[in-house]
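Dear colleague,

Please find the structure below, followed by a summary of what was found in it.

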Amino acid sequence: MGECLKNKKKVHDLLRYGFLGVLIVMGVSGCGKGTMKEPVTVTIWHVYGGQAESPLNDMIAQFNETVGKEENIQVQVGSVTNTNTIHESVLSSAFDDPGAEELPDMFVSYPKTVLAMPDDSVLVDYRDYFSEEELDSFIPAFLTEGQINGRQLILPVAKSTEVMFVNETAFDRYAKDRGASLADLENWEGVFRLAADYTKWTDEQTPNIEGDGKPFFVHDYHFNYFQVGVESLGESFFTKDGTGLAFGPAFEQVWEPYASAAVQGGIWLRGGYATEPLRTGDAIVSVASSASVLYYSDTVTYADNTTEKVNIISMPCPVFENGENLVMQRGAGICTVKSTPEREKACMTFLKWLTDSKRNVEFVTQLGYMPVKQEAFEKYLPDAIEQLQDPMYQSLYQAFLQTQEQYTFYTAPQYEDYLELETRFEDQIRQKLQIARRSYVELPEQSMVELVRAAQESFMRDYQP
């Protein structure tokens with residue numbers, strides 16, 4: 001009887017503790033279910049690729065499946081477009097225009113977008129989320145561009161610069177006949193000397209057709225050539241108040257070889273992007289954004305519809321013989337909009353993940369951009385270059401390594417009138433030099449020195465407001 005009571009007590013205890021265990025499990029489970037946070041979803045507008053095929057979209061998917069899943073964060077792509085469209089959309093949202101979308105948690109931006117916003121206090125200062133040590137790991141010039149009104153409002157995630165693209169196939173034909181070499185392209189003096197000669201040389205190839213010499217060189221942004229050139233020679237390109245240009249002695253030094261080559265036909269003066277004349281064989285050397293590598297082709301289609309396979313190589317941007325090795329930095333960064341601590345922290349988790357040196361190299365090498373940290377250049381980029389299959393990309397990234405090692409990245413000033421100054425410059429510089437070019441064609445015996453000087457004086461007189 002006593003043994004039976006003992007057995008009954010054991011069963012009772014087992015049932016009681018087992019039931020309590022179930023309650024505990026249910027309680028924990030229920031508590032977890034009741035307090036489990038919904039995934040923190042943050043949105044982004046970006047420019048890296050298209051909606052259907054985008055390296056950043058792929059990186060975001062990878063983040064969502066790994067760190068995002070662990071941290072209960074999901075990054076959602078709201079728009080993949082170009083910087084101009086995002087600029088307009090952000091300002092439309094910021095000004096509460098009718099029908100405008102709400103600002104996303106993150107968006108790609110140039111400083112001009114932030115400067116045009118009615119109130120940049122709606123943006124996160126990254127110094128509130130990144131330690132000093134974390135920020136120090138970025139290349140300083142890349143961070144500097146995103147510092148606005150004393151706050152770090154733009155975080156670099158992928159940067160570009162200006163490089164020289166050369167149709168090596170066509171250049172070699174010319175160089176073999178004229179005794180030129182790629183070393184001549186390392187400085188602006190050499191570039192413009194060859195530019196004038198190349199126009200004569202191409203004209204001579206068709207003696208039965210007069211005046212059909214081709215341009216040698218095309219620059220995507222003439223404004224950048226002058227701005228960086230003047231600054232590299234130790235003078236300010238802009239007036240102190242940023243409302244105009246300071247036409248000092250350095251401007252004249254930058255003007256003379258460029259204008260002389262242009263008047264002789266060696267420089268492409270029409271509008272459009274620098275990629276196009278290289279694709280059609282109308283020029284064989286360009287300086288453009290390194291990111292434009294996506295649009296260069298290894299096939300040239302000439303005016304008579306014949307095609308030629310060519311080798312496009314990259315070189316660091318030329319400099320003046322007596323100037324500093326200075327080069328324009330380009331490429332936007334990412335702004336984060338203030339919201340809740342949870343969403344802001346989620347954005348920071350993603351951005352720190354994306355700018356991790358090794359992962360950042362994986363990301364940017366799909367796009368023709370540079371990584372944003374010193375460690376990425378030194379430790380991971382050289383190995384990544386060896387894995388690239390396209391020789392054009394291999395050449396580009398070798399030029400990146402040389403540029404990062406030997407050049408200082410120039411940061412354009414954040415003047416309110418900057419965009420207007422640039423637009424007016426681009427329009428007028430082409431117009432004045434086209435006029436001078438036509439004058440030279442009509443009367444080739446006139447003094448080149450006088451023609452170049454007259455074009456400069458006309459430009460300076462008409463450019464200032």
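The second largest cavity has a volume of about 70 Å³. A cavity here is a set of points, on a 1 Å grid over the protein atoms alone, where a 1.4 Å probe fits but cannot get out, and lining residues have an atom within 4 Å of a point. Grid points are joined across faces, edges and corners, and a volume is the space filled by probe spheres set on the points. Among the 13 residues lining the second largest cavity, Glu145, Ile154, Lys159, Ala332 and Gly333 are the closest to its centre. Helix 7 (140-145) and strand 6 each supply at least two residues of this lining.

This is a predicted model, in which local features need pLDDT of at least 70, side-chain atom pairs count only at pLDDT 80 or more, and totals for chains, interfaces and linings use all residues. Residues are numbered from 1 along each chain as its sequence is written, and side-chain values use heavy atoms, with hydrogens and water left out.

The whole structure holds three cavities of 30 Å³ or more. The largest cavity has a volume of about 90 Å³, and of its 16 lining residues Trp188, Val228, Cys317, Pro318 and Leu326 are the closest to its centre. Helix 10 gives the most to that lining, with five residues. Helices (H or I, at least four residues) and strands (E, at least two) are DSSP runs, numbered from the N terminus.

Helix 10 (residues 222-232) also packs against helix 17 (residues 418-442), at an angle of about 110 degrees and with the axes 8 Å apart. Axes are lines fitted to C-alpha atoms, for helices over the stretch in contact, and angles run from 0 to 180 degrees between N-to-C directions. The two helices are therefore roughly perpendicular to each other (65 to 115 degrees). Contact (heavy atoms within 4.5 Å) involves residues including Phe223 and Phe226 of helix 10 and Leu421 and Phe425 of helix 17.

Strand 3 (residues 106-109) and strand 14 (residues 333-336) run antiparallel and are joined by four bridges, with Phe107 opposite Cys335.

Yours sincerely

Key
Pairing = 2+ DSSP bridges. Parallel < 35°, antiparallel > 145°, perpendicular 65-115°, else oblique. 1 Å grid on protein atoms, 1.4 Å probe; cavity = no way out; pocket = protein on both sides within 12 Å on 5 of 7 lines; lining within 4 Å.
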